[in-house]
Amino acid sequence: MPRSQKSKHRTREKCHQSHSNSQNHKGVQAPVAMEEPPTSSSPVLEGNTQNLSAVESISTSQESWGGPSTTITSSDISGTRSDEGEDSQHKEHLCFPKVSPSTKSSCIDILTMKVGLLEQFLLYKYKMKQPIVKEDMMKIIGQNYKNQYPEILKRASERIEVVFAVELKEVDSTRHSYDLVSKVKLPNNGRVRAGRGLPKTGLLMTVLGVIFMKGNCAAEEDIWKFLGMMRVFAGRKHFIYGEPRKLITKDLVRLRYLEYRQVLNSEPPRYEFLWGPKAQAETSKMKVLEYLAKVNGTVPNVFSSRYKEALRDEEARA
């Protein structure tokens with residue numbers, strides 16, 4: 001082969017190899033220096049990609065699930081939502097932080113990724129109504145991180161609690177089995193409707209919080225304005241809550257967790273929300289305030305006037 005043709009041939013090979021390498025690494029966010037790959041015996045990663053697809057897209061970061069980015073206050077709970085949120089509500093990608101070049105940051109990011117993997121596993125088990133066992137969780141985390149297991153489990157369960165208002169509770173100490181339990185006694189452990197699915201408790205606790213912060217009675221427009229900050233819109237199907245208007249104005253009202261009534265003498269008709277008798281019986285102003293504080297990464301007494309009211313409510317209940 002003439003020299004010029006050989007040179008062209010080698011050039012094409014290099015271009016093809018470079019293109020293949022760039023395609024293989026495109027979009028990869030998992031840590032390159034990860035000490036061990038996910039085990040093939042993991043219940044999450046062993047041939048369950050189709051069943052897991054609805055769960056693996058869920059992130060408990062505020063950027064992905066649409067949680068409010070501003071601190072809730074009693075004077076301005078409804079806030080202004082960005083127009084960007086409406087267009088991006090269906091972007092349900094689970095995004096792990098990219099690994100920093102430094103060794104210290106890499107270790108932190110690997111642990112963060114382990115927390116994310118465990119979140120996916122816990123939500124998958126909840127969705128499929130399967131028991132959560134420590135042995136399976138250790139397979140997700142890996143033996144190299146067994147000493148960090150308590151911290152990883154704590155962080156994963158706390159992040160799930162903030163979004164979904166469900167708590168990880170041990171149900172069998174001998175088998176070390178756990179379950180995610182709804183903060184209120186909604187049907188089907190927070191799913192509201194029969195069958196499998198993700199909990200709706202987080203949305204209920206949020207609405208109860210808005211009602212409380214608005215003086216125990218919130219106008220419907222204020223509810224939807226605030227939920228819009230979470231990318232939850234009336235009439236638009238949500239990947240966790242289904243059709244939110246039906247869930248809030250029909251299902252939760254029928255179950256007596258919310259009261260939905262027309263504002264007296266309003267023309268055209270306007271509506272408002274109050275706590276229903278089931279909500280008053282199964283939770284309290286303090287518990288709802290504590291939930292709002294967790295969502296905002298603060299403490300309940302930051303909401304000073306509402307905190308005092310919640311304390312008086314606790315005393316009355318006692």
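The model is predicted, so local features need pLDDT of at least 70 and side-chain atom pairs count only at pLDDT 80 or more, while totals for chains, interfaces and linings use all residues. Residues are numbered from 1 along each chain as its sequence is written, and side-chain values use heavy atoms, with hydrogens and water left out.

**Exercise 1. Salt bridges**

Task: State how many salt bridges the structure holds, and describe the pair of E161 and K183.

Solution. 
1. A salt bridge is a side-chain nitrogen of Lys or Arg within 4 Å of a carboxyl oxygen of Asp or Glu. The structure holds 16 salt bridges.
2. In the bridge between E161 and K183, the closest N and O atoms are 2.8 Å apart. This pair links distant parts of the chain, 22 residues apart: E161 is in helix α7 (residues 149-164), and K183 is in the loop between β3 (177-182) and α8 (201-213). Helices (H or I, at least four residues) and strands (E, at least two) are DSSP runs, numbered from the N terminus.
3. Burial is assigned by relative accessible area: under 20% is buried, over 50% exposed, and in between partly exposed (1.4 Å probe, protein chains only). E161 counts as buried because its relative accessibility is 9%, whereas K183, at 25%, counts as partly exposed.
4. E161 and K183 also belong to a network of salt bridges that includes E167 and K294.

**Exercise 2. Two further bridges**

Task: Determine where the partners R261 and E272 lie, and why R306 and E309 are separated by about one helical turn.

Solution. 
1. R261 and E272 form a salt bridge whose closest N and O atoms are 2.7 Å apart. R261 lies in strand β5 (residues 258-262) and E272 in strand β6 (residues 271-275), so that the pair links distant parts of the chain, 11 residues apart.
2. R261 is partly exposed at 36% relative accessibility; E272 is buried at 14%.
3. In the bridge between R306 and E309, the closest N and O atoms are 2.9 Å apart. The separation is about one helical turn because the two are three residues apart in helix α13 (residues 304-317). Both R306 and E309 are buried.

**Exercise 3. Helices α8 and α12**

Solution. 
1. Axes are lines fitted to C-alpha atoms, for helices over the stretch in contact, with angles from 0 to 180 degrees between N-to-C directions. The axes of α8 and helix α12 (residues 285-295) come within 9 Å and cross at roughly 110°.
2. Contact (heavy atoms within 4.5 Å) involves residues including M205, L208 and F212 of α8 and V288, Y291 and L292 of α12.

**Exercise 4. Aromatic pairs**

Task: Identify which residues the ring pairs link into a cluster.

Solution. 
1. Rings of Phe, Tyr and Trp (its six-membered ring) pair if their centres lie within 6.5 Å; planes under 30 degrees apart count as stacked, over 60 as edge-to-face and the rest as tilted. By this rule the count is two aromatic pairs.
2. The rings of Y260 and Y271 are stacked, because their centres are 5.1 Å apart and their planes are at 20°. Y260 is in strand β5 and Y271 in strand β6, so this pair ties together parts 11 residues apart in sequence.
3. Y260 is partly exposed at 25% relative accessibility, and Y271 is partly exposed at 29%.
4. The pair of Y260 and F273 is tilted, at 4.8 Å centre to centre and 35° between the planes. F273 is buried, at 0% relative accessibility.
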